[in-house]
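Okay, everyone, thanks for coming. Let me put the model up and walk you through a few parts of it.

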Amino acid sequence: MSKLKVGIVGVGGIARTHIPGWHASEHAELVAGSDIGEDVLNRFGEENGVDKLHADPEALFSDSDIDIIDICTPSMYHAPLAIAALEAGKHVICEKPLAPTPDDIRRMIEARDKSGKTLMTAQHFRFQGSSKAMKDELDTGALGDIYHARSWMLRRAGAPTGGGFIIKENSGGGPCIDIGVHILDLTLWFMGNPEPVAVTGVARAELAHQEGVFSQWGRQPIPENFNVEDFAAAFVRFDNGATLIIEVSWLLHHNTQGEDMQMWLYGTEGGAHWPKCEIYESNNQTRQQYNRELKLMHAGLEAHAQECVEFAAAVAAGNPSPVPAEESLQVLKILDGIYRSQAQGGEVKLD
Ligand SMILES: NC(=O)c1ccc[n+]([C@@H]2O[C@H](COP(=O)([O-])OP(=O)(O)OC[C@H]3O[C@@H](n4cnc5c(N)ncnc54)[C@H](O)[C@@H]3O)[C@@H](O)[C@H]2O)c1
């Protein structure tokens, strides 16, 4: 069986975590790379034995030998690159956020449907053992109807300092777009992807402009051109009546080093915590309460690599995308709703 040929666009950063997945896949092989940085592209070629190297991604899209395009560029390039790749007849896996706005994602879905190819968002948290164990448990209906969730992804002095993240014109937003997509994608997936219908949110820079404020990564000062939120919180309503409270921040006086990422799910038959992977239940007849721990599954490779393995397997088998673009559209509708709610000062309806 011949393998699917993969070309990566943007080989310098997060792409490095995808490469072990392409090397491990029984369905795909890495054959090409594109990057605007010449040095980084040449290093990628040498390290991976890849000789199709082009500064212009178009050269990969027009190469009839290539089946899969893996987009790992900064987020504002995701939609134009993915649409061009789909129009050229390629399957596309694209780093998160799939795109910075819901309209971008709608255009990507349209291009995907016209091409008949597969489009997946690289939401690697779904491919961790703790996430797979929790999703399998929830799919049994163990919690009954999930009517409320609380989730957060909070960092203490954990703001990136690069312009690709902290300048809105480049990134589309701050922690909402950078890390909100992770915790929101996972929460919605666990809830069964109900349709979000309304959001009340705030998204503000509370600490980023204080004198001397720093990021713990290298103790670097936060650059003055920081123009995104550093904190956001929201209350979300879904079409099935469920609700969600979410909080995200890069800079918060919070009792954690690194990152605090948690989720609580509340259903009519039980509750759950991720990533502890605990289930909380009661027996109303005996009036007893039970807590049980889920058995963690072996997820395979590190999650960023595992997602590439599972994408290639889905494409090879003609199966649906492991992370459909429609689910990323739900995530971006909520994040866009948070920004609109901040601007309007009240609840906004989502379409
Ligand atoms: N899933 C995760 O855990 C995770 C972590 C970090 C970043 N990301 C996402 O990955 C993407 C890239 O982030 P990063 O941190 O790797 O950035 P980066 O700047 O470190 O790397 C991006 C690479 O893309 C190249 N590039 C930029 N524009 C290009 C273009 N138009 N054509 C070809 N190459 C281009 C750059 O030269 C660089 O080598 C972002 O969308 C980000 O949100 C995901």
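Let's start with pairing: two strands pair if DSSP finds at least two bridges between them. Strands (E, at least two residues) and helices (H or I, at least four) are DSSP runs, numbered from the N terminus.

Now, this is a predicted model, so local features need pLDDT of at least 70 and side-chain atom pairs count only at pLDDT 80 or more, while totals for chains, interfaces and linings use all residues. Numbering starts from 1 along each chain as its sequence is written.

On to the hairpin. S15 (residues 278-283) and S16 run antiparallel, joined by six bridges. Ser282, for one, has Gln289 in S16 as its bridge partner. Four residues sit between the strands, and Arg287 takes a positive phi near 55°.

Buried here means 20 or more other C-beta atoms, placed from the backbone, within 10 Å of the residue's own; exposed is 12 or fewer, partly exposed in between.

For contrast, look at the largest nonpolar core, with 102 residues. A nonpolar core is a set of buried Ala, Val, Leu, Ile, Met, Phe, Trp, Tyr and Cys residues joined through C-beta atoms within 7 Å. Ile338 is among the residues touching the most other members. Helix H9 (residues 175-191) gives the largest share, eleven residues.

Last stop, the ligand: 22 residues surround it, with Gly10, Gly12, Gly13, Ile14 and Glu95 the closest. Near means a C-beta atom, placed from the backbone, within 6 Å.
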